[in-house]
Amino acid sequence: MNAAAPTAPSRVAAAWQVLHGVLDPEVPALSVCDLGIVREVLDHGDALELVLTPTYSGCPATEVIEHDVLAAVQGAGLGPARVTLRRAPAWTTDWISAEGRRKLAEYGIAPPGAAAHGPAQQATVRLIGRRSEAVACPRCGSLHTERLSAFGATACKSLYRCTTCREPFEHFKPI
């Protein structure tokens, strides 16, 4: 006896479950869902549409992420799928899930604080020295940290050092 094809709601739910297992290539402690990159999964009958918002328009990992999400969904037997990149509204670190923030800290990257967005809120551009806003060390929790560089291994992270435990760490910038 053959199993019936998955219904639309179960196919979409199954796709979400599969996508929670697709890791971000630059921060492999997080899934693309933890990062909030996956915006929607739509079932059009003939194919699933996976709507992604890259972390920024020039993100070099976008093609890899597209490939990985398509391979995961197709590999799970959920039928053909296609990716749509939605760049508006722009991705913000506010879209990182609470689970994603926890995973960042466990991985050794200080999670971002809240970003200011919307018409009533405006982000202020500040020129600062090595000491900036307090960023908690993901290793010991100390707020006695200093920024060493505005850029870390990727443009979305900055490099810090804890002056308590003396360990360097990256901070995921709030954008």
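Student: Is Y160 buried or exposed, and what is its relative accessible area?
Tutor: This is a predicted model, in which local features need pLDDT of at least 70, side-chain atom pairs count only at pLDDT 80 or more, and totals for chains, interfaces and linings use all residues. Residues are numbered from 1 along each chain as its sequence is written, and side-chain values use heavy atoms, with hydrogens and water left out. Buried means under 20% relative accessible area, exposed over 50% and partly exposed in between, with a 1.4 Å probe and protein chains only. By that rule Y160 is buried, with a relative accessible area of 4%.

Student: Which residue forms a stacked aromatic pair with Y160?
Tutor: Rings of Phe, Tyr and Trp (its six-membered ring) pair if their centres lie within 6.5 Å, and planes under 30 degrees apart count as stacked, over 60 as edge-to-face and the rest as tilted. By this rule the protein has two aromatic pairs. In one of them, the centres are 5.7 Å apart and the planes stand at 25 degrees, so the pair counts as stacked. The partner of Y160 in this pair, itself buried with a relative accessible area of 3%, is F169.

Student: Which residue forms a salt bridge with R11, and where in the chain are the two?
Tutor: A salt bridge is a side-chain nitrogen of Lys or Arg within 4 Å of a carboxyl oxygen of Asp or Glu, and the structure holds seven of them. In this one, the closest N and O atoms of R11 and D43 are 3.2 Å apart. The pair links distant parts of the chain, 32 residues apart, with R11 in helix α1 (residues 8–19) and D43 in strand β1 (residues 38–43); here helices (H or I, at least four residues) and strands (E, at least two) are DSSP runs, numbered from the N terminus.

Student: Which residues are linked with R102 in a network of salt bridges?
Tutor: The side chain of R102 meets E99 at 2.4 Å, N to O, and it meets E106 at 2.5 Å, N to O. Because R102 and E99 are three residues apart in helix α3 (residues 98–107), about one helical turn separates them, and R102 and E106, four residues apart in helix α3, are likewise separated by about one helical turn. R102 is partly exposed at 37%, whereas E106 is exposed at 60%. The residues in the network with R102 are E99 and E106.
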